[in-house]
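Please look over the sequence and the model shown below before reading on.

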Amino acid sequence: MYLYVAGAQDQQPIRYPGGQPVVLGRSADAPTSNPLIDLSQYHAFSLGVSRQHARIGYNGNGYTIEDLGSSNGTWVNGNRLTARQPHPLRSGDHVQLGELLIFVYFV
């Protein structure tokens with residue numbers, strides 16, 4: 001899976017190989033139970049991304065995304081997610097963390 005951050009200067013995708021769940025957020029002093037994709041370089045703080053904002057996982061049927069109780073919400077294709085309820089994630093989806101927009105593509 002590749003994550004493309006809208007407006008990123010270098011346009012290099014973030015690669016997520018799958019398998020293990022990963023947290024999307026900002027660098028934090030407190031350790032997370034899952035690896036962290038640090039979005040700080042994309043102005044995540046000013047765009048309302050929480051330290052531990054959302055989690056991407058794989059459940060055997062496909063990928064899911066789950067809001068981790070973030071302050072500014074998580075949206076998939078314009079629909080706000082209910083916190084702590086996994087939502088299916090598909091290639092081509094637009095994920096918004098606060099005001100940060102990410103495009104998701106599967107290989």
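## The largest pocket

Which residues line the largest pocket? The lining is made up of Val5, Ala6, Gly7, Ala8, Gln9, Asp10, Gln41, Tyr42, His43, Leu47 and Leu100. A pocket is here an open set of points on a 1 Å grid over the protein atoms alone, with protein on both sides within 12 Å along at least five of seven lines, where a 1.4 Å probe fits, and lining residues have an atom within 4 Å of a point. About 170 Å³ of space lies in this largest pocket, a volume being the space filled by probe spheres set on the points, which are joined across faces, edges and corners.

By class, the lining has six nonpolar, four polar and one charged residues. In this scheme Ala, Val, Leu, Ile, Met, Phe, Trp, Tyr, Cys and Pro count as nonpolar, Asp, Glu, Lys and Arg as charged, and the others, Gly among them, as polar.

## How to read the model

This is a predicted model, in which local features need pLDDT of at least 70 and side-chain atom pairs count only at pLDDT 80 or more, while totals for chains, interfaces and linings use all residues. Residues are numbered from 1 along each chain as its sequence is written, and side-chain values use heavy atoms, with hydrogens and water left out.

## The open sheet

Six strands form an open sheet in the order E2-E1-E11-E10-E7-E8, and the pairing is antiparallel. Strand E2 (14-15) and strand E8 (79-80) stand at the edges with a single partner strand each, so one side of each is left without a neighbour in the sheet. Strands are DSSP runs of at least two residues, numbered from the N terminus, and two of them pair if DSSP finds at least two bridges between them.

Within this sheet, strand E7 (residues 74-76) and strand E10 (residues 94-97) are joined by three bridges in the antiparallel sense, and Trp75 has Gln96 in E10 as its bridge partner.

## Strand E3 and its partners

Strand E3 (residues 22-25) is covered on both faces, since Val22 and Leu24 on one side and Val23 and Gly25 on the other are all buried, where buried means under 20% relative accessible area, exposed over 50%, and partly exposed in between (1.4 Å probe, protein chains only). E3 runs antiparallel to E5, with four bridges between them, and Val22 stands opposite Ile56 in E5. E3 is also joined by three bridges to strand E4 (residues 36-38), to which it runs parallel, with Leu24 opposite Ile37.

The structure holds one salt bridge, a term for a side-chain nitrogen of Lys or Arg within 4 Å of a carboxyl oxygen of Asp or Glu. Glu66 forms this salt bridge with Arg55, and their closest N and O atoms are 3.5 Å apart. Because Glu66 lies in strand E6 (residues 63-67) and Arg55 in strand E5 (residues 52-58), the pair ties together parts that are 11 residues apart in sequence. Glu66 is buried at 13% relative accessibility, whereas Arg55, at 24%, is partly exposed.

Thr64 is also found in strand E6 and is buried at 15% relative accessibility. Leaving out residues up to four places away in sequence, Thr64 has contacts (heavy atoms within 4.5 Å) with several residues, among them Arg55, Ile56, Pro86 and Leu89.
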